[in-house]
Amino acid sequence: MAFQHQAGTAMECLSIPITLQKEAGVDAEGREVMKCGFKIGGGIDQDFRKSPQGYTDNGIYVTEVHEGSPAAKSGLRMHDKILQCNGYDFTMVTHKKAVSYIKKHPVLNLLVARKGVTST
């Protein structure tokens, strides 16, 4: 189940810092790309009520983590809510802006919230 948070209310959670180093790879068209190994869903321009994962807000969530990928190696998990990426606030961002921001940086310093994690 996903992390739940109502915008504008205090959260009881531990923000988990994750550093993700992208790896060089080749896409389906043979172009060199930097791969991170995860997919996201959500954003303030999306209707969370239509989310197949059952998310309850417009946050940016990790919807898939590829096995053996930089994301998996860094500790990122499915359903993590991305709060920040390289200091940029992801709590009120469109899906397109989040994807663009993730794609353009070779190193991602993420701050995530994870359901059930409230202390160390």
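**What I am working with.** I noted that this is a predicted model, in which local features need pLDDT of at least 70 and side-chain atom pairs count only at pLDDT 80 or more, while totals for chains, interfaces and linings use all residues. Residues are numbered from 1 along each chain as its sequence is written, and side-chain values use heavy atoms, with hydrogens and water left out.

**Aromatic rings.** I searched the whole structure for aromatic pairs and found four; rings of Phe, Tyr and Trp (its six-membered ring) pair if their centres lie within 6.5 Å, and planes under 30 degrees apart count as stacked, over 60 as edge-to-face and the rest as tilted. Because Tyr88 lies in strand E7 (residues 88-89) and Tyr101 in helix H2, the pair ties together parts that are 13 residues apart in sequence; helices (H or I, at least four residues) and strands (E, at least two) are DSSP runs, numbered from the N terminus. I also noted that ring pairs link Tyr88, Phe90 and Tyr101 into a cluster, in which Phe90 is buried at 0% relative accessible area, whereas Tyr88, at 31%, counts as partly exposed.

**Cysteines.** I then looked for disulfides, meaning pairs of cysteine sulfur atoms within 2.5 Å, and the count came to zero. The sulfur of Cys36 is 9.3 Å from the closest cysteine sulfur, in Cys85, which is too far for a bond. Cys36 is buried, with a relative accessible area of 12%, and Cys85 is buried too, with 0%.

**Strand E1.** In strand E1 (residues 16-21) I found a covered face made of Ile16, Ile18 and Leu20, and an uncovered one made of Pro17, Thr19 and Gln21. E1 pairs with strand E8 (residues 107-113) in the antiparallel sense over six bridges, where two strands pair if DSSP finds at least two bridges between them. In E8, Val112 is the bridge partner of Ile16.

Conventions:
Buried < 20%, exposed > 50% of the residue type's maximum accessible area, 1.4 Å probe, protein only.
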